[in-house]
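Reader: Can you walk me through this one? Keep it quick, and give me the cut-offs as we go.
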Amino acid sequence: MAVYTEVSDTELNAFAGCYDFGEILACKGIAEGIENSNFQLITETGNYILTLYEKRVEPDDLPYFLNLLGHLSAKGIPCPVPLKRRDGKSLGTLCGRPAAVVTFLAGMWPRRILVEHCAEVGAGMAQLHLAGQDFPMRRANRLTIDAWEGVLASCRGRGDEVRAGLTEELARELAYLQAHWPKELPGGVIHGDLFPDNVFFRHGRLSGIIDFYFACNDFFAYDVGICLNAWCFEADNSFNITKARRMLSAYRRHRDFSERELAALPLMARGAAMRFLLTRLYDWLNTPQDAFVTPKNPLEYLAKLRFHQEVSHPSDYGLE
């Protein structure tokens with residue numbers, strides 16, 4: 001369940017009075033998502049999504065996220081568009097939380113990932129990278145390699161509660177990544193969390209990309225590495241090279257990789273696996289049993305990390 005803050009009718013109507021979408025006919029909590037409280041608003045003029053930004057989102061980051069959505073939408077990327085209030089602002093306050101209303105996107109995220117989905121995601125990711133190149137605002141990646149040592153330290157050596165020897169294995173991997181992480185690669189705006197539940201499809205075609213709350217400026221190849229992990233492994237954690245080939249080939253039709261990016265891709269995929277392994281480990285060890293959200297098993301990403309450790313060439317991902 002992803003409704004952390006209950007909103008009364010009185011508070012909702014007062015908030016809605018700042019917009020021009022007419023009377024609210026219905027307001028339904030949305031169970032998916034883990035960072036914020038989300039509601040579907042059905043109004044006289046259409047359907048929208050109301051988001052209350054909870055404690056894990058820094059208020060200072062919200063202008064970046066909301067302006068980025070407007071910029072990408074204007075470039076043809078199918079993402080939510082923030083609604084302007086009557087005072088011209090996109091951000092307000094509801095129940096003591098920063099809050100915004102965005103347009104509703106039709107579609108469903110895929111519960112069973114097909115190679116066609118991977119191709120659509122590859123193309124959509126490349127188009128997003130290109131569309132963000134002239135976005136004037138910048139946001140550093142707060143969960144890039146510079147932050148991983150702190151995340152591991154915050155687990156206080158408790159990794160062995162999940163798997164014997166895990167803490168030492170992660171410490172060794174972190175040292176390797178820190179020693180080999182590139183200083184420069186082509187980069188710009190990345191989504192940073194392009195998992196299947198953040199991508200909508202209709203009739204097999206990508207119809208929407210949502211949840212830009214990890215968007216930032218970083219290496220494009222790192223975003224590609226995130227997607228290789230999120231889309232190209234099967235339920236048993238085996239790697240599907242056909243899905244990877246279709247994703248990467250579709251990406252290259254819109255934006256080709258530089259030689260440096262190709263050489264760095266195995267390391268980027270390895271680092272992306274490490275990032276999600278660490279944050280899942282932290283949540284696994286620190287989420288209360290009565291919390292709204294069930295933490296995801298970090299060992300899924302341990303298996304993916306070990307796969308990437310054995311990759312020696314981009315061709316192992318289906319690239320020629």
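Author: Burial terms to start: buried is under 20% relative accessible area, exposed is over 50%, and partly exposed is in between (1.4 Å probe, protein chains only). This is a predicted model: local features need pLDDT of at least 70, side-chain atom pairs count only at pLDDT 80 or more, and totals for chains, interfaces and linings use all residues. Residues are numbered from 1 along each chain as its sequence is written, and side-chain values use heavy atoms, with hydrogens and water left out.

Reader: Which residues of helix H1 are buried?
Author: In H1 (residues 9-16), they are Leu 12, Phe 15 and Ala 16. Helices here are DSSP runs of H or I with at least four residues, strands are runs of E with at least two, and both are numbered from the N terminus. Down the axis of H1, the buried residues fall within an arc of 95°, so they line one face. The arc is taken over directions from the helix axis to the C-beta atoms.

Reader: And what does the face turned away from the buried side carry?
Author: Thr 10 and Ala 14, both exposed.

Reader: Switching to rings. How many aromatic pairs?
Author: The count is 17. Rings of Phe, Tyr and Trp (its six-membered ring) pair if their centres lie within 6.5 Å; planes under 30 degrees apart are stacked, over 60 edge-to-face, the rest tilted. Phe 239 and Phe 307 are a stacked pair, 4.6 Å centre to centre with 25° between the planes.

Reader: What does that pair tie together?
Author: Phe 239 is in the loop between helix H6 (220-231) and helix H7 (241-254), and Phe 307 is in helix H9 (residues 299-309), so the pair ties together parts 68 residues apart in sequence.

Reader: Is Phe 239 buried or exposed?
Author: Buried, at 17% relative accessible area. Phe 307 is partly exposed at 26%.

Reader: Which rings make a cluster?
Author: Tyr 53, Tyr 64, Phe 65, Phe 135 and Tyr 213, linked by ring pairs.

Reader: Where does Arg 275 sit?
Author: Its charged end is over the ring of Phe 214, 5.2 Å from the centre. Arg 275 also lies over the face of Phe 276, at 3.9 Å from the ring centre. The rule: NZ of Lys or CZ of Arg within 6 Å of the ring centre and within 35 degrees of the ring normal.

Reader: Last one. Where is Arg 56?
Author: In the loop between strand S3 (46-52) and helix H2 (62-74). Arg 56 is exposed, at 54%. Its C-alpha is separated by 36 Å from that of Arg 253, 197 residues apart along the chain.
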